[in-house]
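Subject: Structure handover

Dear colleague,

I am passing this structure on to you, and my notes on it follow directly below. Please read them with the coordinates open.

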Amino acid sequence: MSTRRGVGLGAFTQRNATAQQYAAHGSNLKSANAASLQAQLEVFQSLLHNFALEHAATIKSNPTFRAEFARMCNAIGVDPLAGSNIKGKKTDSLWAKVLGHDVNDFYFSVAVRVVELCQSTRAENGGLLGLQECCESVSKGKAIGGGLQVSEDDIEQAVKSLEPLGSGFVILTIASKRFIRSVPKELNTDQSTVLEVLQLLGNVSVSLLQLNLNWERARSETVLQDLLADSLVWVDYQCREPEYWSPQGLVDEAY
């Protein structure tokens, strides 16, 4: 009896030791892989800096090339607009380090013009400005300070640079079209649905929502009145039944 018990305890001890060895081996592999990945990341970052120095002039002058460079940064987890924080000391962003403060300031200049444009058009669109329209307006100099050669990617980077300020500026997609939302109010599900329908049809009415979405009349009227109060839709009372239009859709037709 005692012999069998000894064998059992020995086997248990051996299994426990084996499990610990596997755990230690796994931990070593994990540490080795992490160190290897960190080394590879540092190599990529070094190559990225060299690439930026070599093509600095093109990055500064060509919006498309600049957008591709930003994608390269994002692919390896580098935010070109964010500064580093080393031992509590704030340092310049990648743009400022590699390309000089003029490119870093470029995005903040674009951000200022985006804010100006959103504010000047908020009464017309309720705080939903089409990304393409914003890009064209900034490029054509409709914003204060004249035109800038920018792409939609530049506008996105500029809006992203506003996030630390808690400004409420975000980019969202409605029916495959991208907008800059400059008001902190979140759209509820019904409002988002109506805006998607507006992107497809151009205008809606209470009866159209009732017929196509199977909504009650009160629900249809409520969501349209809420959108109207926020200037996200305009209403035409000259029709047999009031029709609600997207101001952004009317702007797109003008373009």
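In these notes, two residues are in contact when heavy atoms of theirs lie within 4.5 Å. The model is a predicted one, in which local features need pLDDT of at least 70 and side-chain atom pairs count only at pLDDT 80 or more, while totals for chains, interfaces and linings use all residues. Residues are numbered from 1 along each chain as its sequence is written, and side-chain values use heavy atoms, with hydrogens and water left out.

By that contact criterion, and not counting residues up to four places away in sequence, C134 touches V114, L117, L129, I155 and I180. C134 also belongs to the largest nonpolar core, which has 19 residues and in which V110, V114, C134, V150, I155 and I180 have the most contacts. A nonpolar core here is a set of buried Ala, Val, Leu, Ile, Met, Phe, Trp, Tyr and Cys residues joined through side-chain atoms within 4.5 Å, where buried means under 20% relative accessible area, exposed over 50%, and partly exposed in between (1.4 Å probe, protein chains only). Helices α5 (101-125), α6 (131-140) and α7 (152-161) each supply at least two residues of this core, and α5 gives the most, with seven residues. A second, separate core of 18 residues includes V194, L195, V204 and L232.

V204 is also one of the contacts of V197, which, leaving aside neighbours within four places in sequence, is in contact with G202, V204 and L208. V197 is found in helix α8 (residues 189-201), and it counts as buried because its relative accessible area is 16%. The C-alpha atoms of V197 and L209, twelve residues apart along the chain, are separated by 9.1 Å.

For the chain as a whole, the secondary structure comes to eleven helices and eight strands, taken as DSSP runs numbered from the N terminus (helices H or I, at least four residues; strands E, at least two). Of the 255 residues of the protein chain, 33% count as buried. Among contacts between residues at least 6 apart in sequence, 53% join residues at least 24 apart. The accessible surface of the protein chain comes to about 15000 Å², with 54% of it belonging to carbon and sulfur atoms; accessible areas come from the Shrake-Rupley method with a 1.4 Å probe, and for residues only the protein chains shown count as cover.

Lastly, F44 lies in helix α1 (residues 2-54) and counts as partly exposed because its relative accessibility is 44%.

With best regards
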